[in-house]
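Here is a short tour for anyone opening this one for the first time. Have a look around, then read on.

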Amino acid sequence: MARMSYVAHVDADRAAMLRAIGVASEDELYAAIPAAVQQARLNLPEGQSEVEVEQLVRAMARRNRTDLLCFLGGGFYDHYVPAAVDAILSRGEVLTAYTPYQPEVAQGTLQAAFEFQSGICRLTDMEVANASLYEGGTALYEAIMMAVRTTERWRVLIDAGVSPIYRMMLRTYLANMPVTLEEVPSVNGVVDTAALQARLGKDVACVVVQYPNFFGCIEDHTALFAAAHAAGALAVMSVYPIALGILKTPGAMGADIVTGEGQSLGLPLCFGGPYLGFMATRKQYVRKMPGRIVGLTHDQQGRRGFVLTLQAREQHIRREKATSNICTNQNLCALAAAVYMALLGKEGVQEVAQYCADNASYAYSKLTAIAGVTRTFPATFFNEFCITLPGDARDVIGDLVDRGFAAGFPVGRYYAGLERVALVALTEMRTKEDIDRLAAALEAVVS
Amino acid sequence: MNVPDGLLFTKEHEWVRLAGATAVMGISDHAQTALGDITYVDLPSVGKAVAPGGGVAVVESVKAASDVYTPVSGTVRAINTELRDHPEIINQDPYGKGWLCELEQVPADAGSGLMTAAQYRSYLEAQ
């Protein structure tokens, strides 16, 4: 392979290093590696010039369909991102993805994290939030481990309406841990409360639900959480933050740990992120909560200041006995969310949520009026709902791509028996005309 | 440094007051001084069986979070719930109101291997 200009060492450097360690050649240096492995070669093309690489990547990018009218959701939503979010994010003072290592000198960064925490607490109606986690799925894993630490119990009951992507991540994370993850199938798109309650017992650490769930359904979990508490288990909830603008809050339902994906709070849709996890809990559990927490305090002269607080439970102090291995956060994305929440305010978030719900309600009535298209579940929904199509949802959605629509998600990909079901999401970005066009196209495809 | 007579001590600066099959334990005046202002105490649950060398509590100060080991084996009979809201009591009165927990089913020979007040004073001076 051609030597790249960004490799700092020239041949003379290499020779000097080999001499210093008493090795005659690079081949001799690698002699300990079995020959079979050494001979393995990556099937990589020759290096190319900058202009060639740019042309190659542009050609690949052109294959993306960015012109489709988006009705996709499933945990990630096409919300409007105000221009001020990116303008603030691009400032040099804040353009770092990482927790500062000498945090107290970066008062602005800490204040932003504090504002983020405050916003998350208000949305979820919980008492404390951390300075963010990586994304929604890992945040949910951390919540489960927090419940396990708090209760010293090892069974986890999770509703199958929790995102199948999250449940896959949880199974991976928990594969080699002494924690049993028990999935309880949903009934009619909602929690099978009786089945879940029947499984409660002295060894259950927590019950886990999603709100709205993967099918878009919303339900009041107050009674379920009360039953969990009566059995000594914690109530863990993964939520869609925009929905909390108008829905009953997790705090009001009695949730103990609330996590979620923060993408909808000012972050654009990107394949794979970077996204944003958040976590909030009750004050009594704060010392079991992973991650960084920014606190507000006053110095000796009474001036306001922000500090990283409760650090004694973190791994740089407690080592292997730390609360978790999370010692960082997703600071730049959390800043975007803080700016988004500050720009919209309480009323703005409520308006966005109401707009989404109204759009979804209109789309639902339009789409289910089409002959052969029916409602899948009777439960109430927020901005996303399931419809049952006359044929395989993958085929119908595929046909609609040809007509310029990303019409929804084929639920059968994750749920056996729901092959004819499509999950359709609405945000404030879609207009009545968009919805009418989708309905017309769907009608043409299924008739 | 306050080291009252009648108590037994460990090298990790815990104290224990034995009374038949029960015992009350906490951390020494030296320990609370070294830790600084104590901000939180994580206490064990009542009924938990503990054995020497096993962690029974975590005492967190502005400087560090430290494990507290039980000097004797037994079962936790009571915990000092006052510490939840007022952990600073440990700084103010480590041998009195700042006790951590009370154990029962403590074996008769539990005190062997622990230091007397006089021995602990010498141990501290040698540090």
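## Before we start

This is a predicted model: local features need pLDDT of at least 70, side-chain atom pairs count only at pLDDT 80 or more, and totals for chains, interfaces and linings use all residues. Residues are numbered from 1 along each chain as its sequence is written, while chains are lettered from A and ligands numbered from 1 in the order in which they are written.

## A strand tucked inside chain A

6 of its 6 residues are buried, so β6(A) is largely enclosed by the rest of the structure. Buried here means that 20 or more other C-beta atoms, placed from the backbone, lie within 10 Å of the residue's own. One face of β6(A) has L234(A), V236(A) and S238(A), the other A235(A), M237(A) and V239(A).

What about the neighbours? Strand β5(A), residues 204–211, runs parallel to β6(A) and is joined to it by 6 bridges (pairing takes at least two DSSP bridges). To get from β5(A) to β6(A), the chain passes through helix α10(A), residues 222–230, in a right-handed β-α-β crossover (with the strands pointing away from the viewer, the path from the first strand over the helix to the second runs clockwise). β7(A), residues 257–261, also pairs with β6(A) in the parallel sense, over 4 bridges.

## Domains 2 and 3 of chain A

Chain A is split into domain 1 (11–48), domain 2 (69–78 + 351–446) and domain 3 (83–341), with bounds from an automatic or database domain assignment. Between domains 2 and 3, 23 residues of one are in contact with 23 of the other (C-beta atoms, placed from the backbone, within 7 Å). On the domain 2 side, α13(A) gives the most, with 5 residues.

## Chain B

Chain B has 4 helices and 9 strands. Its radius of gyration, taken over C-alpha atoms, is 13 Å, close to the 14 Å from the globule rule (2.2 Å times the number of residues to the power 0.38) for 127 residues, so chain B is as compact as a globular protein of that length. Buried residues make up 41% of the 127.

And where the chains meet? 4 residues of chain B are in contact with 5 residues of chain A.

Conventions:
Contact = placed C-beta atoms within 7 Å. Helix = DSSP H or I, 4+ residues; strand = E, 2+ residues; numbered from the N terminus. Buried ≥ 20, exposed ≤ 12 C-beta atoms within 10 Å, placed from the backbone.
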